[in-house]
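Please look at the sequence and the model together while reading this report.

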Amino acid sequence: MLTSTALANQKSELLEILVKKSVKRGSFTLSSGATSDLYVNCKLTALDPQAALLVGAIGWELLKGTAAEMNLRVNAVGGLTMGADPISLSIGIAAQLDQPGNPLQTFTVRKTAKEHGLRKRIEGNFVEGDTVVVVDDVVTTGGSTIQAIEAVEAEGGKVAFVIVLVDRQEGGRENIERRGYKVVPFFTRADVLAERKPQPAFA
Amino acid sequence: MSLPNESPNQRLRKLLQGSLSQNKLEELARLFDLLAQDRATVLPCFVLHHVCRRLAVALDGEAVTPQRFGELTEGIAERITLILMQMEKGRTISEQELESLVVQLFSNLALFGR
């Protein structure tokens with residue numbers, strides 16, 4: 001278990017990398033069609049080996065702490081490909097490093113069902129009846145997170161709660177929480193903007 | 001996430017209203033894929049599926065400015081809507097109509113002339 005100071009230091013280090021690699025200011029059309037002055041591409045951070053270690057360590061602490069608060073035992077962690085994939089695996093690896101033999105598994109959710117075979121949407125280490133944590137890289141409207149939740153439930157899983165790397169504070173968290181799932185963000189839009197140093201706008 | 005009593009065509013029409021987005025395009029691609037497997041108009045639905053899919057992939061993970069977004073999606077929803085209306089009336093979709101849509105897509109993606 002990390003001390004609160006160590007966790008705060010790791011979060012600060014990760015936020016610095018996130019802002020440097022993944023955040024752009026300007027005017028952007030998001031995947032939802034909405035326009036925003038902030039673009040966040042978390043893949044650049046989650047797929048950075050140094051940042052991935054931090055994502056894993058922090059994510060594992062958030063998962064452990066939240067599961068303990070809610071008195072839940074979590075079997076697996078995963079979310080909608082591809083944004084969630086490196087985050088889930090980093091958390092799974094951190095769990096193994098912290099507690100060798102820990103049974104926490106990871107999985108991924110396809111955006112659409114496989115066209116042949118069993119047409120299943122979940123790939124990897126998930127079985128019917130599992131209690132899972134759904135992860136996502138960025139939450140804007142909550143659409144991709146809700147897709148993953150629906151896929152898990154359609155295949156017989158139970159969603160314990162949701163962990164996201166960045167909550168853009170544009171209503172997505174509320175949309176997910178209205179459905180009864182707690183959302184635990186690493187960072188919010190406010191954190192990102194507070195960290196970001198003034199620089200010319202991205203054209 | 002369609003309403004239980006909503007037909008695929010109603011859902012498609014709703015998605016085609018207003019400007020397109022990556023999320024809408026992914027859902028359109030999924031619905032056209034289902035329709036391609038389910039009715040007589042296999043080829044038009046198969047083409048429409050791929051047009052939506054291709055555009056959704058182009059938008060995925062990109063920092064797209066509103067101007068670039070407008071260029072990428074220009075004319076696509078209108079052309080798909082026209083084809084969908086023809087299909088609803090039971091009319092055969094010509095090769096030229098489908099080609100015109102694909103040409104528009106390739107122009108938007110700036111794939112011509114490379």
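How far apart are the end C-alpha atoms of helix α5 (residues 143-154) of chain A, and what should its 12 residues span at 1.5 Å a residue?

## Helix α5 of chain A

This is a predicted model, in which local features need pLDDT of at least 70 and side-chain atom pairs count only at pLDDT 80 or more, while totals for chains, interfaces and linings use all residues. Residues are numbered from 1 along each chain as its sequence is written, chains are lettered from A and ligands numbered from 1 in the order in which they are written, and side-chain values use heavy atoms, with hydrogens and water left out.

The end C-alpha atoms of α5(A) are 16 Å apart, which agrees with the 16 Å that its 12 residues should span, the expected span being 1.5 Å times one less than the number of residues. Helices (H or I, at least four residues) and strands (E, at least two) are DSSP runs, numbered from the N terminus.

Several residues of α5(A) are buried, among them A:Ile146, A:Ile149 and A:Val152, where buried means under 20% relative accessible area, exposed over 50% and partly exposed in between (1.4 Å probe, protein chains only). The buried residues of this helix pack against β3 (76-80), β4 (105-109), β5 (122-124), β6 (131-139), β7 (158-167) and α6 (172-178) of chain A, a contact being heavy atoms within 4.5 Å. Just after α5(A), A:Gly156 takes a positive phi of about 90°.

## Aromatic pairs

A pair of aromatic rings is described by the distance of the centres and the angle of the planes. Rings of Phe, Tyr and Trp (its six-membered ring) pair if their centres lie within 6.5 Å, and planes under 30 degrees apart count as stacked, over 60 as edge-to-face and the rest as tilted.

Over all chains, a search of the whole structure finds three aromatic pairs. One of them joins A:Phe28 and A:Tyr39 in a tilted arrangement, with 5.5 Å centre to centre and 45° between the planes. This pair links distant parts of the chain, since A:Phe28 lies in strand β1 (residues 23-29) and A:Tyr39 in strand β2 (residues 35-40) of chain A, 11 residues apart. Both A:Phe28 and A:Tyr39 are buried. A:Phe186 and A:Phe187 also form a tilted pair, with 6.3 Å centre to centre and 55° between the planes. A:Phe186 is buried, with a relative accessible area of 2%, and A:Phe187 is buried with 3%.

## Backbone details in loops

The peptide bond from A:Thr81 to A:Met82 is cis, with omega near 0°, and A:Met82 is found in the loop between β3 and α4 (85-98) of chain A.

A:Asn71, in the loop between α3 (49-69) and β3 of chain A, has a positive phi near 55° although this residue is not a glycine. A:Asn71 counts as exposed because its relative accessibility is 71%. A:Gln169, in the loop between β7 and α6 of chain A, is likewise not a glycine and has a positive phi of about 55°. A:Gln169 is partly exposed, with a relative accessible area of 43%.

## A buried cysteine in chain B

B:Cys52 has its place in helix α3 (residues 42-59) of chain B, and this residue counts as buried because its relative accessibility is 0%. Not counting residues up to four places away in sequence, B:Cys52 touches B:Leu25, B:Leu28, B:Ala29, B:Phe32 and B:Ile80. The C-alpha atoms of B:Cys52 and B:Gln22 are separated by 9.0 Å, and these residues are 30 residues apart along the chain.
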